Amino acid sequence: MRVLEAIFLVFINPLFYKITLTAATPLIFASLGGVYSEITGVVNIALEGIMLLGAFTSVVFTWLTGNVWIGVFMAVVSGVALAWFHAWGSIKWAGNQVVLGTALILIAQGITGFLMEPIFGKPGQTDFVGKVEELRIPGLADIPFLGKIIGETSPFVYMAFAAVAFSWWLIYKTKLGLRMRSVGENPEAADTLGINVYGIRYFGVLMSGVWAGLAGAYLSVGEVGHFRELMSGGRGFIALAAMILGNYNPVGAMLASLLFGASSAFANQMQSSSLIHVSATVKPLFDMIPFILTIIVVAGFVGKSHVPKADGVPYEKEA
Amino acid sequence: MYAVEMVNIVKRFPGVLANDHVTVRVKKGEIHAIVGENGAGKSTLMNQLYGLYHPDEGEIFINGEKVVIRGPKDAIKLGIGMVHQHFMLVDTLTVAENVVLGSEPVKGLNFDMKKARQEVKELSEKYGLFVDVDAKIEDIPVGMQQRVEIIKTLYRGANIIILDEPTAVLTPQEVEELFEIMRKLKNDGKTILFISHKLHEVMEISNRITVMRLGKVTGELETSKTNPKEIARHMVGRDVVLRVSKEPHEPKDVIFEIKDLVVKDNRGLTAVNDVSFNVRKGEIVGIAGVAGNGQTELVEAITGLRKIESGHIYFEGKEVAGFTPRQLRELGMSHIPEDRLKHGLIEEFEAYYNIILGQHYRNPFANGAFLNHNNIFKYSEDLMEEFDVRPRKIDHLGGNFSGGNQQKLVVGREIRTNPKFLVVAQPTRGLDVGAIEFIHKQILKMRSLDVGILLISMELEEIFSLSDRILVMYEGEIMGEVKPEETTIEEVGLMMTGHRIEEARRG
């Protein structure tokens, strides 16, 4: 009964919903990155690495310039740079996209780990360098309950939802979006109509660098104000699961990200509940909830969602 | 005035001369057929006109002006449209989206869906090309998909329309509808290039015909002044004569029989329709026919690679329909597949693994879960010696042998299993004269050892020189049975183009 009571209290607490949104924010950005890349036909598991590099870069440049927004911008630049390697290897050289992506994750982990000492003088974790302050929206913040959820929160949360709306428009309402979808389904057909298959795929992959870079910036300067080694902590992979569950659609990916965000928020709130005692031994079990959900999603929905037909298949022109 | 002139086009692929100084001239406003067997180089030629391939030599003129077509974009600008044999459609997009893709109407920053739908509707009504503009491609039938492809070319303002084997995927009724559309387009002043290997269709719809064979043009004909016999002669060619001497041999009991066999192709259309025949021990039964008339599906059904819809398959009198390929092999059936690279061998495997494929799981090549490499090597050396495979290196990769030697590997592997019944499909496709002779001798040797043999081939010469009886297949049905010494190539040629034996005999 105490457990049920604790669960009930979690669900009526606005903090649970606020944490859901903040936990979903990096997943929304990263899963959007996945959508851009994969609807054009390039599997991008490098998201995890791009996020990590973005988190690191934003901390470095925030520390150097004292301006967090310059840090955020540089995270995007670094994300695009790493994504470019993925595009180059998988589009130009038709490399195995999973192997390339894995290599880029390891490279990002290596670079960020290695640069800790020379830049910050110590491994592990940087000092606080500054963070993006929460934004209070007058009026909205004064509404009971709802105001506590979205009235005063990180600007990244609003940006994430704006990014979803923008992406939906771009992918489903513009000719560029139509071409992106055609290239991921049947690149040969697109080619015979004079569409630049390689160009569109480059665009998709580089955009995934933009979004995953932002996701990384949120993890560091957006949320905690410092960088910790391996701080992306598998969120890039959860974002891929959200993309699959969301059927490669920006709105679907957002909803799936919110579901994963809610599972994190739930684990977080249950652990701090005063009604039940969560021992240190049991705590990892709660932390596993989003990952267990990921397995269920991937196993249960992979066959049911429509995977772009040419996803993961390099396009090679004949003679 | 010619709409299209392709002059002395040469196109080489590694090891293949696909187009050998080909010249085609197409008059404005005519339906010009390009006919030839599969592999004659028709599609290669058309892909060069559409900019997908680039000629190694030769010139292209459109409406009298010399042009260089670097890609489909250039072709579209010149007013050329192509409907590919395999449709170039995006399954998950709608009909309207597919039509406008690449030349989308826009309204500000947005893609103008309303205008796209309206324009597609107008084109569809103008030419009687009925389509559902809002349906997704994956939900509409093949005939409608083809109409979408034609609308795609018209939307881009094509005046020269290439239709690459457009009837291959259609039902007879859909073919009639397509011809109706083609006539409408012609009356509207469009020039149409119609690629086909079905002679009655060519006779019905075209004004002029260019015949190709093995990458060369073998005839330019006015449809009104020719007949299927003459086209077939150009298509099949008479210059290649190759006949190995065949000893008389008395066939024994029936080893293999099929009754009322019905098989569907990958698209769910009936490919083999109510076919019955038998093969006796020590006899070669040849199946002649133009490619794509159900032979592939027939072979796949017989060898257990494709499920049958109805009918019976008997091996030594025992029903074997539904048996797996391994079960059939254990009974004594061997199969030399038509595509040696796809089904015959594994290019990345060494010769010795390719040689034991199909027997890899049993003695003497395996003990339980483990391969016995000593036995495998020994057997491979013997086999390569016996079948004169060159280079004689058992660790040479399958893909690194020449075509003829790859075929010898496959033939050797299948013959060495001492089969009772051998299915041989296209055994000499793409091989040189020496390899052809060797393989023909091996097949005749099996016959003298009282093996029953079913030979499927597009090469009439091969059918005539090897077979004891010839069955002619057309659109999934057997047109008749003849003996090589009692028939002529002309008669079989007519049956290959859809005439039953009685009609063919009348001439």
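**Exercise 1.** In what order do the 6 strands of the open sheet in chain B lie?

*Solution.* Keep in mind that this is a predicted model.
- Step 1: read across the sheet, and the strands of chain B come in the order β6-β9-β10-β3-β11-β12.
- Step 2: look at the pairing, which is mixed.
- Step 3: go to the edges, where β6 (80-83) and β12 (216-222) of chain B each pair on one side only.

**Exercise 2.** Work out in which sense β6(B) and β9 of chain B pair, and find the bridge partner of B:M82.

*Solution.* 
- Step 1: follow β6(B) alongside β9 (residues 160-164) of chain B; the two pair in the parallel sense.
- Step 2: count the bridges between these two strands, and you reach 4.
- Step 3: start from B:M82 and cross to β9(B), where its bridge partner is B:I162.

**Exercise 3.** Which helix of chain B lies across β6 and β9?

*Solution.* 
- Step 1: find α5 (residues 142-155) of chain B, the helix that lies across both strands.
- Step 2: compare directions; α5 runs at about 170 degrees to β6(B).

**Exercise 4.** Describe the side of chain B that touches chain A.

*Solution.* 
- Step 1: begin with the totals, 20 residues from chain B and 19 residues from chain A.
- Step 2: name the elements of chain B that give two or more residues to this side: α2 (72-77) and β8 (110-111).
- Step 3: pick out α2(B), which gives the most, with 3 residues.
- Step 4: sort the residues on chain B's side into 12 nonpolar, 4 polar and 4 charged.

Note on methods. Residues numbered from 1 in each chain as written. Chains lettered and ligands numbered in written order. Predicted model: local features only at pLDDT ≥ 70, side-chain atom pairs only at ≥ 80, totals over all residues. Pairing = 2+ DSSP bridges. Contact = placed C-beta atoms within 7 Å. Axes fitted to C-alpha atoms, helices over the stretch in contact; angles between N-to-C directions. Nonpolar A, V, L, I, M, F, W, Y, C, P; charged D, E, K, R; others polar.
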